[in-house]
Amino acid sequence: MTTNRTPATRRPVRWHTGGPGAAQRLLGRLRDRAREQQRAEAHRLLEADLRGLWREACAGVGLCQYIDVATGMTVRTPKFGALRLGPAGTSFTVEQLPGGEPDDITRHAARLAHSLGFAGLRVQPLAGRWLRVVLFEVDPLASTFRLPDDVIGRADAPVLLGRAEDGSLVEHVLASPGHIAVQGQNGSGKSQLSYGLTAQCAAAADVLVTGSDITGLLLGRAWDGTAHREWQVTGSRDLVAHAEHLDRLVAWMDTRLDAMPPRRDSVTPTVQTPLVLVVLEEFPGLLRAAQAKDRKLAERITSAVLRLLSEGRKAAFRVLMLAQRFEANAVGGGYARDQFAVRVSFRVPAESLAMLHGDDARPLGPEHANAAPGIAYLSAPGHDCTRLRAPYLGGYGAFCDRIARHGRRPDTDQEDAA
Ligand SMILES: Nc1ncnc2c1ncn2[C@@H]1O[C@H](COP(=O)(O)OP(=O)(O)OP(=O)(O)O)[C@@H](O)[C@H]1O
């Protein structure tokens with residue numbers, strides 16, 4: 001069979017190039033796809049790694065259930081869902097065990113995060129039993145943050161306590177009915193927090209910063225020229241003066257309770273009836289010194305403080321007590337310790353953390369025993385064992401400057417103290 005086709009009738013093969021640069025675009029797309037596949041593969045491998053580590057870590061800290069099945073005992077841990085890698089960091093979803101609470105994970109946060117190769121983690125509840133675990137490459141509390149040069153104008157405005165791991169500010173309203181306990185070893189950050197708290201409310205017309213300070217640094221000289229100074233007793237030479245001052249505060253509290261208007265069960269802070277912040281700096285030191293001098297003097301101080309703690313809330317008295325450790329016998333007994341609604345612990349031995357925050361804080365003890373200055377644990381209404389970084393005001397000179405700048409000057413408007 002022959003064909004008559006001539007070369008002239010054969011149609012040339014034409015490549016549809018799509019214009020100039022199309023080959024490069026195609027190549028680019030192929031490279032993007034390859035990169036995407038590599039990324040997806042890396043993501044899948046990392047997810048598998050973290051899933052395995054998560055399971056081991058949960059079993060390691062006891063966050064698991066043992067189930068007896070036909071083939072033997074099996075361990076069930078909160079289920080790892082999906083990994084998310086993004087500009088906001090690394091996170092994954094988790095389905096809690098039946099009956100589980102986000103707190104079960106938060107309680108072991110440091111140890112779980114370390115097992116996964118991260119510095120820390122935070123838990124965000126999602127829907128139902130699901131939550132998101134956000135991992136931190138560096139401890140979010142590692143860096144210092146400055147206390148802004150702000151003051152409150154009224155007792156019902158919030159003062160800043162610190163910054164939590166998620167970057168949110170943790171505040172406290174003095175007018176809310178709760179005394180404040182602060183414990184920490186030497187150099188752990190108690191003074192910085194107290195400088196910050198007192199400086200923030202030094203200008204408020206309805207707050208009086210009073211109390212007893214054997215060190216004479218937190219209260220005393222720094223407050224010269226302010227309306228608060230005559231309500232502060234300092235130094236350890238005249239311990240009777242501390243007892244007398246505390247008795248004077250109790251008498252003031254009693255006058256308020258006696259004068260409570262009908263159908264009212266608490267005093268609202270006003271300029272005439274200010275909120276009385278009773279600062280007890282190094283209170284165990286005051287008690288020890290008083291005991292060494294005269295046992296009766298120590299009892300007198302203890303009973304005045306107990307009355308302020310147990311009845312002060314209704315009379316707009318708030319106690320801010322500072323101690324290295326809140327051992328019951330060092331702070332006037334277990335009853336006294338139970339009166340504190342807001343509890344802050346800087347670096348303390350593990351046992352002391354559990355003593356002030358309860359057994360829930362026990363797993364955090366070993367890590368917190370080495371916390372850097374300024375890092376604290378907070379238990380307060382609405383804050384169940386929140387780890388925070390207290391704001392840094394600066395050296396003692398900076399504190400004195402703030403009080404000199406903002407401290408309320410004496411006036412004649414105030415009520416009922418006389
Ligand atoms: N919130 C903070 N941020 C950064 N650094 C801090 C913070 N708090 C304390 N520090 C550092 O730790 C040092 C000691 O802090 P601070 O004097 O408050 O401790 P303390 O618990 O009151 O100790 P002491 O019982 O000996 O008075 C400060 O001089 C400061 O360098």
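The following conversation goes through a predicted model, element by element.

Me: Which residues does the FtsK domain annotation cover?
Reply: In UniProt, an unreviewed entry carries the annotation "domain: FtsK" for residues 156–355. Over residues 156–355 the chain is 36% helix and 24% strand.

Me: Where is Asn186, and is it buried or exposed?
Reply: Asn186 is in the loop between strand E9 and helix H4 (190–201). Asn186 counts as exposed because 8 other C-beta atoms lie within 10 Å, and a residue is called exposed at 12 or fewer. Gly187 is in the loop between E9 and H4 too, and Gly187 is exposed, with 10 other C-beta atoms within 10 Å.

Me: Changing topic: how many residues are in the largest nonpolar core?
Reply: The largest nonpolar core has 82 residues. Those with the most contacts inside this core are Cys201, Val207, Leu277, Val278, Ile301, Leu308 and Met321. Helix H5 (residues 239–258) gives the largest share, seven residues. There is also a second, separate core of 16 residues, which includes Trp54, Leu63, Phe80 and Ala110.

Me: Why would such residues sit together?
Reply: In soluble globular proteins, nonpolar side chains tend to be buried together.

Me: What is Met321 in contact with?
Reply: Leaving aside neighbours within four places in sequence, Met321 is in contact with Ala181, Leu280, Phe283 and Val331.

Me: At what angle do H6 and H7 pack?
Reply: Helix H6 (residues 283–293) and helix H7 (residues 295–311) pack at an angle of about 145°, and their axes are 5 Å apart. On the H6 side the contact is made by Leu286, Leu287, Ala290, Gln291 and Lys293. On the H7 side it is made by Arg295, Leu297, Ala298, Ile301 and Thr302. These residues divide into six nonpolar, two polar and two charged.

Me: Which residues are buried in H9, and what covers them?
Reply: In helix H9 (residues 350–357), Ser352, Leu353, Met355, Leu356 and His357 are buried. Their cover includes strand E9 (179–183), strand E14 (340–345), helix H10 (365–368), strand E15 (375–380) and strand E16 (383–389). After H9 comes Gly358, which has a positive phi near 90°.

Me: Now the four-stranded sheet: what is its order?
Reply: The four strands form an open sheet in the order E3-E4-E6-E5, with antiparallel pairing. Strand E3 (79–86) and strand E5 (120–125) are the edge strands, and each pairs on one side only. Direction ignored, neighbouring strands of the sheet are turned by 25° against each other on average. E5 and strand E6 (residues 130–136) pair over six bridges, and Gln124 stands opposite Arg132 in E6.

Me: Which helix lies across E3?
Reply: Helix H1 (residues 22–61) lies across E3 and strand E4 (89–95), running at about 135° to E3. The loop between E3 and E4 holds Ala88, which is exposed, with 8 other C-beta atoms within 10 Å. Ala88 and Phe136 are 48 residues apart in sequence and 10.0 Å apart in space, C-alpha to C-alpha.

Me: Last one: which residues of E8 are on its covered face?
Reply: In strand E8 (residues 169–173), the covered face has Val170 and His172, and the uncovered face has Leu169, Glu171 and Val173. In a regular strand the side chains alternate between the two faces of the sheet. E8 pairs with strand E7 (residues 158–164) in the antiparallel sense over five bridges, and His172 is the bridge partner of Val159. E7 and E8 form a hairpin with four residues between them, and Gly167 in the turn has a positive phi of about 90°.

Note on methods:
Residues numbered from 1 in each chain as written. Predicted model: local features only at pLDDT ≥ 70, side-chain atom pairs only at ≥ 80, totals over all residues. Axes fitted to C-alpha atoms, helices over the stretch in contact; angles between N-to-C directions. Helix = DSSP H or I, 4+ residues; strand = E, 2+ residues; numbered from the N terminus. Contact = placed C-beta atoms within 7 Å. Nonpolar A, V, L, I, M, F, W, Y, C, P; charged D, E, K, R; others polar. Core = buried A, V, L, I, M, F, W, Y, C linked by C-beta atoms within 7 Å. Buried ≥ 20, exposed ≤ 12 C-beta atoms within 10 Å, placed from the backbone. UniProt positions renumbered as here; feature names shortened; annotations may be inferred. Pairing = 2+ DSSP bridges.
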